[in-house]
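Subject: Handing over the structure

Hi,

Here is the structure I promised to pass on to you.

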Amino acid sequence: MTKSGTKATERFADGWKRFPAMSLRNRMAFYYTVTTAFLLAVVFTAILLIVDRIVYMHFDEELRHEVAETLEEANVKGQAFTGFDNFRCIDGTQEEDDEDKLRLKKKEIDSEFIQIVDSSGQMVRKSTNLSRNLLTFNPVYSGVRYFNSVVAGEQVRQVQVPLVNRQGIADAYLIIAIPMKSAMIVLLDLQNIMLVSFPAVILILFILTRAIAGRSIRPIEEVIATAETMTQANLDQRIPLPRNNDELYRLSATINALLDRLQDAFQREKQFTADASHELKTPLAIVKGTLDVLVRKPRETAHYEERIRYCLDELNRMARLIDQLLMLARYENDRMNPNIMKIDIGSPFQSVMSRIEHLASEKQISISKEHFTSGAVAADPAMLEMMIENILSNAIKYSPAGSAIEVATSRRSGLLVCSITDHGVGIPAEKLQNVFDRFYRVDESRSSSTGGFGLGLSIVKKLADLQHIGVSVSSREKEGTTFDLTFPPA
Ligand code: ADP
């Protein structure tokens, strides 16, 4: 991340600290509760509406029944409404007697009120339980109509039925009402229960969900706690894996794997720095020691020359090492983009041969190309040359004088393979897998005598990876070594 990017992130994080966000467990509980509250409100409202509807359906059904029964018992002929004998008369002048009062009280709850009105709405007859009260007549309703009304301060459900004569004209209206008090009490109770239980259920739900959410995100807390205590010094710490193989398990396992890789890389870097310092210290100490001895007393010119040459050799070694270290650092940082192109495998070999010919002839080593045929490969010419030079110079370095080195090409699974085989000291089987490691030397005494730092093959491997070239080694001790380069299709 860029510096300004990091600063912006820090500012953002600071902002959050000042206005702390709701914790994850509270947020989970909150969203869950809000959703459930909404659903619960919908369900409660639906229940209330349905119950309300059912209650009214029952009342209307009862009223229908009452109307049928009343009309069956009564005999309605023109304006002479017979059969309503137990109904109070229109004049209704007589005083409400005690018996009437009693009857009204008794019937108030569980009985119906009946009233006949003429076409103008004037009461003709009414049931005695109505006492001095009248049922509401609504002249606007021409057909059968059910509606709520009030009688003596009590809510009732009413039906108004037109009594139609032969000419199809409504002579009168039959009005029947039944008290709704008991049903209304039940409805109100139900509504109150729901109103009280709603917040209680929501509160309990929030507390429970918060507790459950807290339990399920506990592994995240552990991840945070482990990450917070982690420093370079205790990179070996790992996040305890949760019991269930779920997303949190995978998150913890992934972070642990990342920590493994980080620890590995960190370890390698540490090792590299230690090795590099060690390698640089040795020639420096040699040069310093030699010069210290030289200045102690005057010497012969020849001695000076010999010692200075010795120092120069050491300084050259140091310069080589620094070159290699810089090269490795460049490749490791991936700052080097290979310039891959289609080239003939013969040309890098030719340039390398011309550069290292003198090394081979110094040891009378012959380089045979008997089984080498040219072919096109996809590679970065400069990088490929460096790889070949490192492998070939090793082959010369670790081969006895007068031996032979063969360079050959072949095809394996359709891919071009280039092999460089020497008949030198070889590499023990158990050490083969390490030869591409940085600063790895099979045998310290063997390498120090040949001036190697154990970096050549690690550079070869890095360059091969950059160009997608496969590199492998096979060897037999005291018999020789073969390096194979497998090229991707050109
Ligand atoms: P160095 O600069 O020490 O040669 P390299 O990375 O090139 O470092 O090689 C690593 C080690 O592998 C060497 O120390 C050497 O012992 C071994 N090695 C490399 N090439 C050969 C070879 N052709 N024959 C025998 N041993 C080899």
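A word on terms before the helix pairs: axes are lines fitted to C-alpha atoms, for helices over the stretch in contact, and angles run from 0 to 180 degrees between N-to-C directions. Please also keep in mind that this is a predicted model.

With that in hand, take helix 2 (residues 24-73) and helix 4 (residues 181-216): their axes come within 9 Å and cross at roughly 165°. Angles over 145 degrees count as roughly antiparallel, and helix 2 and helix 4 are therefore roughly antiparallel to each other. The crossing of helix 2 past helix 4 is right-handed. By class, their contact holds 26 nonpolar, seven polar and three charged residues.

Next come helix 6 (residues 247-296) and helix 7, whose axes lie 10 Å apart at an angle of about 165°. This pair, helix 6 and helix 7, is therefore roughly antiparallel as well. Here helix 6 passes helix 7 in a left-handed crossing. On the helix 6 side the contact includes Phe272, Glu279, Pro283 and Leu294, and among the residues they and their neighbours meet in helix 7 are His303, Arg307, Glu314 and Leu328. The contact of helix 6 with helix 7 splits into 18 nonpolar, two polar and three charged residues.

Helix 9 goes past helix 11 in a left-handed crossing. Helix 9 brings Met383, Leu384, Met386, Met387, Asn390, Ile391 and Asn394 to the contact, while helix 11 contributes residues including Gly456, Val460, Leu463 and Gln467. In this contact 11 residues are nonpolar, four are polar and none is charged.

What is the volume of the largest pocket? The value comes to about 1200 Å³. There are 44 lining residues, and the closest to the centre of the pocket are Asn390, Ser393, Asn394, Lys397 and Gly452.

At least two lining residues each come from helix 7 (301-332), helix 8 (346-362), helix 9, helix 10 (444-450), helix 11 and strand 15 (480-486). By class, the lining has 18 nonpolar, 14 polar and 12 charged residues.

Best wishes

Key:
Residues numbered from 1 in each chain as written. Predicted model: local features only at pLDDT ≥ 70, side-chain atom pairs only at ≥ 80, totals over all residues. Heavy atoms only, no water. Left-handed = near helix turned anticlockwise from the far one by under 90°. Helix = DSSP H or I, 4+ residues; strand = E, 2+ residues; numbered from the N terminus. Contact = heavy atoms within 4.5 Å. Nonpolar A, V, L, I, M, F, W, Y, C, P; charged D, E, K, R; others polar. 1 Å grid on protein atoms, 1.4 Å probe; cavity = no way out; pocket = protein on both sides within 12 Å on 5 of 7 lines; lining within 4 Å. Points joined across faces, edges and corners; volume = space filled by probe spheres on them. Parallel < 35°, antiparallel > 145°, perpendicular 65-115°, else oblique.
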